[in-house]
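Here are some notes to read alongside the model, written for someone meeting it for the first time. Please keep the structure open while going through the points.

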Amino acid sequence: MNKALKKAADSIDPALFEFAEYDEKAAENSGFSNYSYWRSTWQSFIKNKVAVFLLIVLVLLLAFTVIQPYLPNQKLPTKIYNDEETGLQLRNVLPNNEFWLGTNSIGQDLWARIWSGTRTSLFIGLVVGASEALIGIAIGALWGYARKLDRIITEVYNVLDNIPNTIILVLLTYILRPSLSTLIFAMCITSWRYMAKFVRNLIIIIRDREYNLASRCLGTPTRRIIVKNLLPYLVSVIMLRIALAIPSAIGSEVFLTYIGLGLPVETPSLGNLINEGRLLMMVPSLRYQLFFPAIVLSVITISFYVLGNVFADASDPRNHV
Amino acid sequence: MLKYSLKRLLQSMITLFVIVTLVFLLMRLMPEEGYYGDRGDKLDEAQKEAILTDMGLRDPLYIQLKNFYSDLLHGDFGTSIIYRPKVPVIDILKDKLPYSLYLGLSALAIALVFGLSLGVLMTRFKGKIGDKLGTGYIVIINAVPAAVYYLLLQLYVTDILKLPILFDSDNPASWILPAVSMSLVSMASYAMWLRRYMVDELNKDYIRLARAKGLKNKVIMVKHVMRNAFVPMAQLLPMSVLYTISGSIYIESLYSIPGMGGLLVDAIQRQDNPLVQTLVLVFSSIGILGLFLGDVLMAIFDPRIKLSKQGGGR
């Protein structure tokens with residue numbers, strides 16, 4: 001009996017139990033479909049006409065904010081314009097050919113200030129969104145994968161999560177000197193938690209699913225598991241959080257400026273402009289100083305918000321056919 | 001249930017302790033000029049030193065920290081420096097608290113009533129024009145910074161409805177717009193989540209069974225869908241407390257309401273450190289309390305919840 005078993009064992013070719021190299025052609029032969037994650041995402045994204053429209057608006061707006069200073073006949077956002085005859089400042093000039101959106105209360109060109117402010121606000125939003133993604137994904141991945149760390153990070157998270165965000169923002173910007181880096185720092189401190197929580201929860205749900213177990217048993221390298229099995233599920237959440245982080249960072253900037261902790265007046269930002277407009281809003285003829293920045297602000301924030309939500313739906317592999 | 005609440009209470013206490021310590025340490029980083037009030041440039045070095053010693057700011061850090069804790073426990077929050085010099089902060093707050101409290105609570109009530117009704121209506125007319133309008137409202141509230149629509153409301157609604165533009169505690173009409181404005185954000189989040197939960201519930205198999213056995217749509221909606229969808233709504237309550245806090249900061253200073261939110265803006269602009277410090281502590285305590293109550297409420301509604309599952313829960 002033993003001999004028979006041994007004989008059978010000897011005749012097994014050990015090479016059959018080696019992990020095979022990943023070979024795309026071989027994979028295609030075993031039931032290949034021409035499914036591509038990004039193509040499917042794009043296809044379901046462009047089905048939403050509102051989202052496509054907003055995407056075009058946003059791309060044009062972003063492109064315009066970047067190239068605006070290089071166009072001909074542009075004024076400087078911080079230069080105070082004086083009347084050539086009297087030498088007085090051109091205060092609160094209504095929109096005309098010279099000043100397309102009029103001037104503000106000390107004679108600066110509102111058109112130039114709005115685009116300069118949009119650049120500042122977008123810069124804040126993009127930096128905060130990017131650092132939220134970096135910090136949040138790193139901590140969230142650690143939190144989800146490393147089982148030993150789970151308890152500690154959860155406890156720390158629960159304590160931190162109880163502190164109202166507004167309070168942290170106000171406290172930090174009050175204590176530090178008001179500047180662009182202070183604002184970005186304070187917002188980064190508060191915002192990474194959402195991303196970390198989402199990433200952690202998803203990783204915990206997905207990491208032990210059967211298809212991942214099967215993949216691991218078949219010897220798929222960890223890198224491939226992460227890139228092909230986990231990432232597509234995370235993309236939708238990550239993109240959604242980044243897309244929402246931008247309007248909320250812009251909103252926080254407006255809030256902090258409103259309570260007097262924002263950027264110095266020399267740096268135009270949408271928050272600064274709205275605040276300047278607010279001071280004049282009781283004079284009906286000067287309300288344009290509030291409206292123009294408010295319109296640009298609303299278009300940007302609504303576009304990011306809607307696009308983020310639509311893209312999150314489109315990039316969720318469960319919604320792909 | 002009781003065990004959970006106690007554990008959760010302990011967690012809140014730790015958070016409060018962390019905040020108090022952080023606030024104290026961060027406030028020590030502030031430049032010392034803030035402690036002399038508006039007489040800063042008239043004092044010589046010795047007088048400045050005397051003021052600082054008198055306030056205990058020359059003691060070693062751990063003694064300062066100990067004094068700070070014991071002062072807080074005895075209800076001593078220091079005295080205001082600039083806003084109302086030499087007046088204890090606690091006395092200033094006593095006058096302000098009722099306004100913020102009434103306004104905040106009425107905003108919460110308005111949000112609850114109208115937000116939930118909006119959510120139910122949006123589910124009822126799902127995909128129709130009403131649902132789309134509601135979604136538009138939610139998108140605008142969530143995306144656009146609050147300052148923009150608060151300002152527009154104050155500017156135009158006061159004009160159209162002939163409401164007073166500034167707050168006057170004797171005139172009940174002047175309460176309306178501030179309270180409604182403050183409730184807008186929470187209202188949107190109630191409507192959004194209730195609609196989402198109800199639609200989720202509607203897609204479940206037992207609803208199909210109920211339809212199949214001939215139950216009336218109304219009964220299904222009220223007895224099954226709404227009842228189940230309301231359970232997770234409890235976790236939104238603390239969120240709306242937080243929204244109301246940040247709303248009150250805007251609204252109270254916009255309408256010159258003599259409450260704590262407006263006071264915070266004043267204190268920040270005049271750099272009155274003890275006042276800012278106390279207000280930060282008050283607001284964070286309210287926030288922590290709101291989150292704690294929300295979680296306990298959630299546990300009462302849903303017995304499956306255990307503390308170990310938190311972390312990702314909210």
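How are α4(A) and α12(A) oriented to each other? The points below take up this question first and then turn to the chain as a whole, bearing in mind that the model is predicted.

1. In chain A, helix α4 (residues 49-67) and helix α12 (residues 288-315) have axes that come within 9 Å and cross at roughly 135 degrees. Angles over 145 degrees would count as roughly antiparallel and those from 65 to 115 as roughly perpendicular, and α4(A) and α12(A) are therefore oblique to each other. The crossing in which α4(A) passes α12(A) is left-handed.

2. The residues that meet in this pair include Val50(A), Leu54(A) and Leu61(A) from α4(A), and Val299(A), Ser303(A) and Val310(A) from α12(A). Sorted by class, the contact of α4(A) with α12(A) consists of 12 nonpolar residues and one polar residue, with no charged ones.

3. Chain A as a whole has 12 helices and zero strands. Its radius of gyration is 27 Å, whereas a compact globule of 321 residues would have one near 20 Å, and along its principal axes the C-alpha trace spans about 115 × 45 × 25 Å.

4. Of the 321 residues in chain A, 35% are buried. Among the contacts with a separation of 6 or more, 68% are between residues 24 or more positions apart.

5. Phe19(A) lies in the loop between α1 (2-10) and α2 (24-29) of chain A, and it counts as exposed because it has 9 C-beta neighbours inside 10 Å, where 12 or fewer is the cut-off. From Phe19(A) to Pro268(A) the C-alpha distance is 60 Å, with 249 residues separating them in sequence.

Methods: Residues numbered from 1 in each chain as written. Chains lettered and ligands numbered in written order. Predicted model: local features only at pLDDT ≥ 70, side-chain atom pairs only at ≥ 80, totals over all residues. Helix = DSSP H or I, 4+ residues; strand = E, 2+ residues; numbered from the N terminus. Buried ≥ 20, exposed ≤ 12 C-beta atoms within 10 Å, placed from the backbone. Rg over C-alpha atoms; globule rule 2.2 N^0.38 Å. Contact = placed C-beta atoms within 7 Å. Axes fitted to C-alpha atoms, helices over the stretch in contact; angles between N-to-C directions. Parallel < 35°, antiparallel > 145°, perpendicular 65-115°, else oblique. Left-handed = near helix turned anticlockwise from the far one by under 90°. Nonpolar A, V, L, I, M, F, W, Y, C, P; charged D, E, K, R; others polar.
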